[in-house]
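Have a look at the picture below and keep it beside you as you read.

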Amino acid sequence: LMQSICKTAGAAPVTHITRVHLQRGVDERSAKPEAANAFTKTMRAVLAHAVRMELIDTNPAMLIPLIEGSAEGFHTWSMDEIEQYEAAHPVGTTARLALDLMLYAGLRLGDLAQIGHQHIRDGELSFRPEKTRGTSNITVTIRVLPPLAESIAATKTGALHLVISERGSPFVKESLGNLTKKWCKEAGVPHCSAHGLRKASATRAAEAGATTHELMAMFGWVTTKEAERYTRAADRKRMGLSGSGKMVHLSPTRKQGEGHSEKKRI
C-alpha cells in the first residue's frame, strides 16, 4: 500500500499526506472506478487509524469522494467466457480447479487459499468465510456439485489445501489473485477476474431460482442487500422474457408487402 502511495505521491511520512496526494492516486486509477474506490476506502481506513494513534489530526481521505457510476463493479463472466477458460484449462489442472471452486462454490480468493479436504464431508463443503471471520463468524455449507467433485478428484491437491503449487505448497490469496490473472490471460479473457467469477456464480444461482436468503446462505452475505441485487436482476430477466412472449398477440399478422409505400414521399 505504501509503495502505491509513494508511486503516486512520492515518499512522504503519514503526517505529510494531503488530499492532493490522495487525489493523484485516485486519478491514476480512474480508468477502473472500482480500483479507484478501493484505493480511497483503504486510505480512509489507514488514515483513520493514524488519527486514532494521534499521528495526524484529521483524515484527508474523507475529503475524497467515491467515483459514481461504478455500481456494476467487476465484469461478470459470460457463459462463453467460462467455456473459453475451460477449453484452455482442462479438468485436472490447478487453473481449472480454481475456476471450479469459485464457480460452483462461490469462493473468494481468501477462502480459495484455505479450503482443503478437511472442509468436505458427506458431499458437503462447510467453512467459515475469511471476510466475516471474527465479526459475524457465520458458517457456509453448500453441496459439492458433480462437476466440482470431478475436478477435485482429477487434480493434485494437498492434505490441507485443495489448490497448491507444483511444489505442493499452498498459496496466499495475493498469489492466487496474480495467478488467476495469468490463467485468464492464457485463456484469452484478460478482462475477467476472480471476483467476476463469483458474480457469475451468484447470477447463475439466482437465475436458477435461488431466493434471497438462499443466496445469503450460499455466498456468506450477512444482509439482504447484496443478494437482492441478483434476485431482482433474475426476476427482471424472467419477467422480460415472459412479457415479451405475450407481445405476439399485440400485433396483427401482416400481408406480404403491407406497410411499404409504393411512392416515395417528398
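L97 is buried, because its relative accessible area is 0% and the cut-off for counting as buried is under 20%. Keep in mind that this is a predicted model. You will find L97 in helix 5. What is L97 in contact with, once its neighbours within four places in sequence are left aside? The partners are S151, I152, T155, T157, L162 and V163.

Now step back and take in the whole chain. The protein chain has 11 helices and 3 strands. Reading from the N terminus, the order of elements is α-α-α-α-α-α-β-β-β-α-α-α-α-α. The chain has 266 residues, and 36% of them count as buried. Among contacts with a separation of 6 or more, 57% are between residues 24 or more positions apart.

Let's move on to helix 4, which covers residues 79–88. Its buried residues are E81, I82, Y85 and E86. Looking down the axis of helix 4, you would see these buried residues fall within an arc of 140 degrees, so they line one face of the helix.

For helix 5 and helix 9, the axes come within 7 Å and cross at roughly 40 degrees. With that angle, helix 5 is oblique to helix 9. Their crossing is right-handed. Helix 5 brings L99, M102 and L103 to the contact, while helix 9 brings A194, L197, R198, S201 and R204. Sorted by class, the contact of helix 5 with helix 9 has 5 nonpolar, 1 polar and 2 charged residues.

Helix 9 has another partner for us to visit, helix 11, which spans residues 224–246. The axes of helix 9 and helix 11 are 9 Å apart, and the angle between them is about 50 degrees. That makes helix 9 oblique to helix 11, and the crossing of this pair is right-handed. On the helix 9 side you can pick out K199, A202, T203, A206 and E207, which meet R229, Y230, T231, A234, K237 and R238 in helix 11. By class, the contact of helix 9 with helix 11 has 4 nonpolar, 2 polar and 5 charged residues.

Our next stop is helix 10, residues 212–219. Which residues of helix 10 are buried? They are T212, L215, M216 and F219. Seen down the axis of helix 10, these buried residues fall within an arc of 105 degrees, so they line one face of the helix. They pack against helix 9 and helix 11. Just after helix 10 comes G220, which takes a positive phi of about 75 degrees.

Let's zoom in on T212 for a moment. T212 is buried, with a relative accessible area of 15%. Apart from neighbours within four places in sequence, T212 is in contact with T224, A227, E228 and T231.

How do helix 10 and helix 11 cross? Their axes come within 8 Å and cross at roughly 120 degrees, and helix 10 and helix 11 are therefore oblique to each other. Their crossing is right-handed. In this contact, T212, H213, L215 and M216 of helix 10 meet T224, A227, E228, Y230 and T231 of helix 11. By class, the contact of helix 10 with helix 11 has 4 nonpolar, 4 polar and 1 charged residues.

Conventions: Residues are numbered from 1 along each chain as its sequence is written. This is a predicted model: local features need pLDDT of at least 70, side-chain atom pairs count only at pLDDT 80 or more; totals for chains, interfaces and linings use all residues. Side-chain values use heavy atoms; hydrogens and water are left out. Buried means under 20% relative accessible area, exposed over 50%, partly exposed in between (1.4 Å probe, protein chains only). Helices (H or I, at least four residues) and strands (E, at least two) are DSSP runs, numbered from the N terminus. The arc is that of the directions from the helix axis to the C-beta atoms. Axes are lines fitted to C-alpha atoms, for helices over the stretch in contact, and angles run from 0 to 180 degrees between N-to-C directions. Angles under 35 degrees count as roughly parallel, over 145 as roughly antiparallel, 65 to 115 as roughly perpendicular and the rest as oblique. A crossing is left-handed if the near helix is turned anticlockwise from the far one by less than a right angle, and right-handed if clockwise. Contact means heavy atoms within 4.5 Å. Ala, Val, Leu, Ile, Met, Phe, Trp, Tyr, Cys and Pro count as nonpolar, Asp, Glu, Lys and Arg as charged, and the others, Gly among them, as polar.
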